[in-house]
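Subject: Structure handover

Hi,

Here is the structure I promised to pass on. Please open it and keep it beside you while you read my notes.

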Amino acid sequence: MNRLKYSILLLSLCMSTFSAKSQRNIDFVNPMVGTGSMGHTFPGACAPFGFVQLSPDTEMIPHNIDGVYQPDAYRYCAGYQYGDETIVGFSHTHFNGTGHSDLGDILIMPATGEVKPDRGTARDPDSGYRSRFSHENEKAEVGYYSVLLDDYGILAELTASDRTGVHRYTFPEGTDTGHVVLDLDYGIYYYEGKTLMSNLRVEDSCTLTGYRITRGWSRMNYTCFAVKFSKPIVNYGCRNSEKVKYSGFWRKFDMTDNFPEMFGTRLTAFFDFDFSDGQPLEIRVSLSPVDCLGAMKNLQAETETKSFDEIREETRQKWEKELGCIDVDADDDVKAVFYTALYHTMINPSVYQDVDGHYRGIDHNIHRAEEGEVNYTVFSVWDTFRAQHPLMNLIKPARSEQFVNSMLRHYRQSVHGALPVWSHMGNENWCMIGYHSVSVVADAVAKGLNIDRGLALEACMNSSNINYYDGTEEYRELGYVPLEKSSSAASVTLEYAYDDWTVYALSNRLGYGKVADEYADRALNYRNIFDSSLGFARPKLQDGTFKEDFVLLDTHGQGFIEGNTWNYSFFVPHDVNGLIEQMGGEKQFILRLDLLFTMDLPEKYFEHTEDINEEGLMGNYVHGNEPSHHIPYLYKWTGKPWETELRLHAIMRRMYRNRIDGLSGNDDCGQMSAWYIFSSMGFYPVCPGSDQYVIGSPLLKEAVIRLENGGVFTMKTENYDAERNVYVKSVRLNGVPYEKHFITHSDVTDGGELVFEMSDKPNKKSASWQKPYSFTH
């Protein structure tokens, strides 16, 4: 049996259903979860926190045509949608689960027959180099992806190291000549003119180097690369489809035919190979944010002496080590959801430096990280400050220190004197609202991470006082952001107030009393936009009056972003007791929470919102967007704490599943997944920047956290029945009855055992247990 037929048979036998018993945590990971519908995940190969995410792209819908937004582009934030029937090619950079996008750098596609420089279309695949495929012949697991390209009979296999994508293409038996297409104009969230320049050099018969510069969400993204083929090139050429207005004296040459230096803004190249020996073609593509020499060093250091299978196994071992920080006991389906979620929390942030320590800063200068340091990129902070970064502080503190130090480097290089708002690939893209890196930094200090605390406070203070940033000047003067200044004014005010509390907590912890007093006052600014006649947050105008014609259920045009006032009004995680007062007292607060989860939200209020659909809704509660993630825990500040336990189990069972559409919203660089990791273990960081985790209700039977300090923290349940016994009857911490609705970070990191006795009835005596932190000033 030839290798191709054997591989297809193996694929059909090994198509993962994730239901069989397994010895290793990695075998429960299902990279296909979230590749359908709203998850925006990708199925391809990557190493933990790696620079490269080598994955199939099934369509390229432009972000805009002549400046007009194309809504279908949103579906392809990760380049792949499970429902598609063709693959365009395999590109090397992808975000995990975002709701806006970029990247898709350096796309490669193998093919046979006539060279087709165009991509073709889903309706007419034969007009280009794309190929049909079937999910029956597709496999995804940690560090590996494979698929049979039906139009060519080529088995494509992918794996990756930190900075290098590795391809293996097995062509059909009897193939004499085949080729690969290298498309340097392809991109995710493409638009005409996005590629500012690309360059490709044929260094020798097996080696290419090059770069491309794009202008997208990352305003100036430099992607340098080096390519090694396992076979010598026998013929090559290119097409540059731009209308060149000036060629200079390069016009002496025919760049399209075997010319070793190709360039242009719309460049597609092809390379022919001899397959008469029956051997597959392996391609190694290393990336660098600096230059082609750095890319070549990365390639040599990571893959030069290793086979495809050795690299694949090495990456599997890396993932097993990373996922080994938590061992859980649950049914196999829950394990699959858990370890897939844990996997998704470890894709971003991503390494952004060469093996020699050089990286491109946000000032676009070339820097070198300090000895022992690693520079990272992809900080989706508006999402990840809530749970993904706190999770890393708990289970990966050494790496989390590197994340925070990367943020502090960003601050030092920023002409604005700002920590990241949303940054990637050496650029600040300013997406979303708030200055939430101050929360990440403050939480790192609260959790005892080893960072420069003086620099941390300086960075947080400067980041929160940039007058020209999103209404900050008016916020400091008026105590709120007026609607005239920002269409998201109410959301911005609420988030600034929380961010300011984290600066208060940081400065207070470091002993800077005057600074703490200033930010303590600012932390109460959320009160300035609560309308006492409604008990909801409501945007104000510059003159101090509330916005008229205010619609409580609407998200658009009401002063909020990715949420209506029903959801956003609960975003006061630092002062829940104060929030209860603003909403009219505890009885009204509980009623408001109950209604949020049970009321009907008419479709008209979300049908035109691209980032949410009915999958992410529970009543009017929006789990598919981040601002609401802490809300189920707020009952713990009231006389009905057991309602948290009921709501959590409903969310975990309904919004997280081991299937293609198993995520109810964008995974957002691991935030959606981090919520599940915490919640399924029975506690959650409602207020990052404090040292508390609010106790919920575990979905897992047992979880063992293997701490980096060598300790072990175990969560166990008694009377476990995940479907019936959702209420917490009692809690014991290290064998002692525990009557608090929170545990501290040191309770976990000191090691020990947290035991939940579960029941099918609420424990109403728990209303007298000590409530979690709430700010007083």
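**Two helix pairs**

Helix α9 (residues 453-463) packs against helix α11 (residues 489-510) at an angle of about 150 degrees, and their axes are 10 Å apart. Keep in mind that this is a predicted model.

Angles over 145 degrees count as roughly antiparallel. So α9 and α11 are roughly antiparallel to each other. The crossing of α9 past α11 is left-handed. On the α9 side, the contact is made by R453, A456, L457, C460 and M461. On the α11 side, V503, L506, S507 and L510 make it. By class, the residues of this contact of α9 with α11 are seven nonpolar, one polar and one charged.

Now go further along the chain. Helix α16 (residues 642-655) and helix α17 (residues 671-681) pack at an angle of about 130 degrees, with axes 11 Å apart. That angle makes α16 oblique to α17. Here too, α16 passes α17 in a left-handed crossing. Which residues meet in this pair? From α16 come L648, I651 and M652. From α17 come W675, Y676, S679 and S680. The residues of the contact of α16 with α17 comprise five nonpolar, two polar and no charged.

**The largest pocket**

Next, look for the open space. The largest pocket has a volume of about 580 Å³. It is lined by 36 residues. Start with M432, I561, E562, D611 and N625, which are the closest to its centre. The lining of the largest pocket has 15 nonpolar, 15 polar and six charged residues.

**The cavities**

How many cavities of 30 Å³ or more does the structure hold? There are six cavities of that size. The largest cavity contains about 130 Å³ of space. Its lining has 17 residues. Nearest the centre of the largest cavity lie I362, N375, Y376, S406 and H410.

Which element gives the largest share of this lining? That is α7, with four residues. Three elements, β23 (358-360), β25 (376-377) and α7 (397-413), each supply at least two residues of the lining. By class, the lining of the largest cavity has six nonpolar, nine polar and two charged residues.

To find your way, begin with α9 and α11. Then move to α16 and α17. Finish with the largest pocket and the largest cavity.

Best wishes

Key. Residues numbered from 1 in each chain as written. Predicted model: local features only at pLDDT ≥ 70, side-chain atom pairs only at ≥ 80, totals over all residues. Heavy atoms only, no water. Axes fitted to C-alpha atoms, helices over the stretch in contact; angles between N-to-C directions. Parallel < 35°, antiparallel > 145°, perpendicular 65-115°, else oblique. Left-handed = near helix turned anticlockwise from the far one by under 90°. Contact = heavy atoms within 4.5 Å. Nonpolar A, V, L, I, M, F, W, Y, C, P; charged D, E, K, R; others polar. 1 Å grid on protein atoms, 1.4 Å probe; cavity = no way out; pocket = protein on both sides within 12 Å on 5 of 7 lines; lining within 4 Å. Points joined across faces, edges and corners; volume = space filled by probe spheres on them.
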